[in-house]
Amino acid sequence: MTDAFVPPHRLPAWQVLQTHRERLGAQRVGNLFSEDPARFDALSRRACGLLADFSRQRLDPAALAALLDLAAQARLAEGIAALFGGKPVNYTEGRAALHMALRGTCPPPAADADTFARTNERMRAFATALRDGRITGCTGWTIRRVVNLGIGGSDLGPRMVAEALAGPAGRNPVSVRFAANLDPQELDEALADAEPAETLFIVASKSFTTAETLANAEAARAWLRAALGESADIGAHFAAVTNATAAALAFGIAAERLLPMPEWVGGRYSVWSAIGLPLLVALGEARFDALLAGARAMDEHFRTAPFADNLPVLMGLVGLWNTDFLDQETLAVLPYAHGLRSFPAWLQQLEMESNGKRTLRDGSTTAVMTSPVVWGGAGTVGQHAFHQLLYQGTRAVPLDFIVIADGNDPRRQALADNALAQAAALTHGRSLDEAEAALRARGASEEDVRRLAPHLAIPGNQASTTLLLPMLEPFALGALMALYEHKVFVQGWIWGIDSFDQYGVELGKEMARRLAGAAPAGSDASTLGLQQAIAALRGPAQP
């Protein structure tokens, strides 16, 4: 994957984009609408039932054309062909990244095809049996609660989708909960009101060595034994999804409850694999299949659509423009739907673990910025919290508004209205003259007008993309998730980094293992001092 690689800043289109940056960098987005009233039609695209509006970004058709040239010069078409063709796009580990095969877009590797098919069949049969009440615990009681024990990709995706689509508690025959944090409080909350005889745990860990997940699995085992007795067959209360099947068997997972996870699926792309077992339980087979169908439709769009009409390509290029040419360091993601409240957290891992890197394919260090810091939260809640910084703070912050068009409930219509109003207000702002006029219209004295107007003025000029979904339903959510997955690939390919490894996170894990107990030799003064302070606060060990 290193042949003929050219760092992006050395491509001719990069130099052209620098001239567009000089032309547009100080331009107000609101003025671009005045110059081109047809901007929305020129800079919005539709695919797979979604609409993406880029007209509030600080670019114009000429800059967009240069970005498309950059994609061509970076040989993005070859990258997409390699991705879907099962080539080792995870080049540091020599592996393919075939999460698209999990949703039926392309075939899995031939050597894994039979295992994959059998796993898929077993996963579906197990989830259906759980929903139908045919799975019992060791006492013969029907399983009524499933708790997924995972972290990172084994938690964020399934948790986010379950929140978005599973509906209120009590609607489904089996309650599905999630516990990721090593802090005991989260597992305690997941087990609130649970009956041990009716509870099943899914241990989700690709390596089956994830410290947080295994600690929670041990706590779950202790909770079951305390309630059901030391001699109880608590294996009836566990299932596992892992690539390390031997380790899962050694833990006590029964072979028939063990679902293998392919090596070629990265954790942050694993929601489509057997890691999605809790979703099959929560949603049922038909709705889970609709989620896969939405992602599959976006896969086909990404693979076949011309770049000028290709949503993931355009999303990736717009983000790269903001990061590398407009020097914007963050991306705020604002879903105007309570069900998508965890979408920014899922996207944080997808973007920052994939592209938060500096080493290029040829081993050199990048000369340009890579992944932005991704943050955000539910839109209407944020309006009463961090939106103040977006309006009058000192930072330029690109924004992704995610809006649901469904207006059957007046409150949902109000959500959409709020999102559009926020996007417009953050684009256009309010001038000092407008602030003065508003104060006079309220009857303020001239003294108060002079005093207060600067505090009411809003610079505006915050660039944003709006993504419009028809409804928050499985197909649309699957398409939205795949859109962001492929956007991340587009950016990583052009930057020249490996979007599918994550060596960086291993250092902290290694240090945590070394710190278990006494601090190792060579620890810095802060680590030693804090360990001593923690020990003092804990007091003497209890007998």
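1. Where is the place of F208? In this predicted model, F208 sits in the loop between β5 (199-204) and α9 (211-228). The residue is not a glycine, yet its phi is positive, at about 55°. Its relative accessibility is 5%, and F208 therefore counts as buried, the cut-off being under 20%.

2. D327 lies in the loop between α13 and β8, and D327 has a positive phi of about 60° although it is not a glycine. Is D327 buried or exposed? Its relative accessible area is 52%, so D327 is exposed, the cut-off being over 50%.

3. Helix α4 covers residues 61-73. The buried residues of α4 are A63, L64, A66, L67, L68, L70 and A71. An α-helix has 3.6 residues a turn, so residues three or four places apart point the same way.

4. Which elements do the buried residues of α4 pack against? They pack against the helices α1 (12-24), α5 (76-84), α13 (311-324) and α20 (474-495), and against strand β1 (44-47). Just after α4, R75 takes a positive phi of about 60°.

5. Strands β1 and β2 form a hairpin with two residues between the strands, and in this hairpin C48 has a positive phi near 55°. The two strands pair in the antiparallel sense over four bridges. One point of reference is R46, whose bridge partner in β2 is L51.

6. Strand β2 (residues 50-53) has L50 and A52 pointing one way and L51 and D53 the other way, and all are buried. In a regular strand the side chains alternate between the two faces of the sheet. β2 also pairs in the antiparallel sense with strand β11 (residues 464-469), over three bridges. There, the bridge partner of D53 in β11 is T466.

7. Helix α12 (residues 285-304) has 20 residues. From its first C-alpha to its last, α12 reaches 28 Å, close to the 28 Å expected at 1.5 Å a residue. Among the buried residues of α12 are F288, L291, L292, M298 and F302. The charged residue D299 is buried as well, and H301 is also on the list of buried residues.

8. How many cavities of 30 Å³ or more does a search of the whole structure find? The search finds three, and about 130 Å³ of space lies in the largest cavity. Of the 16 residues that line the largest cavity, G319, N322, L331, D400 and K487 are the closest to its centre.

9. The lining of the largest cavity draws at least two residues from each of α13, β8 (330-336) and α20. Which of the elements gives the most to this lining? Helix α13 does, with five residues. By class, the lining of the largest cavity has eight polar, five nonpolar and three charged residues.

10. The second largest cavity holds about 70 Å³ of space. Eleven residues line the second largest cavity, and the closest to its centre are V89, F489, W493, I497 and S499. Its lining consists of seven nonpolar, two polar and two charged residues.

How values were computed
Residues are numbered from 1 along each chain as its sequence is written. This is a predicted model: local features need pLDDT of at least 70, side-chain atom pairs count only at pLDDT 80 or more; totals for chains, interfaces and linings use all residues. Side-chain values use heavy atoms; hydrogens and water are left out. The expected span of a helix is 1.5 Å times one less than its number of residues. Buried means under 20% relative accessible area, exposed over 50%, partly exposed in between (1.4 Å probe, protein chains only). Contact means heavy atoms within 4.5 Å. On a 1 Å grid over the protein atoms alone, a cavity is a set of points where a 1.4 Å probe fits but cannot get out, and a pocket is an open set with protein on both sides within 12 Å along at least five of seven lines; lining residues have an atom within 4 Å of a point. Grid points are joined across faces, edges and corners, and a volume is the space filled by probe spheres set on the points. Two strands pair if DSSP finds at least two bridges between them.
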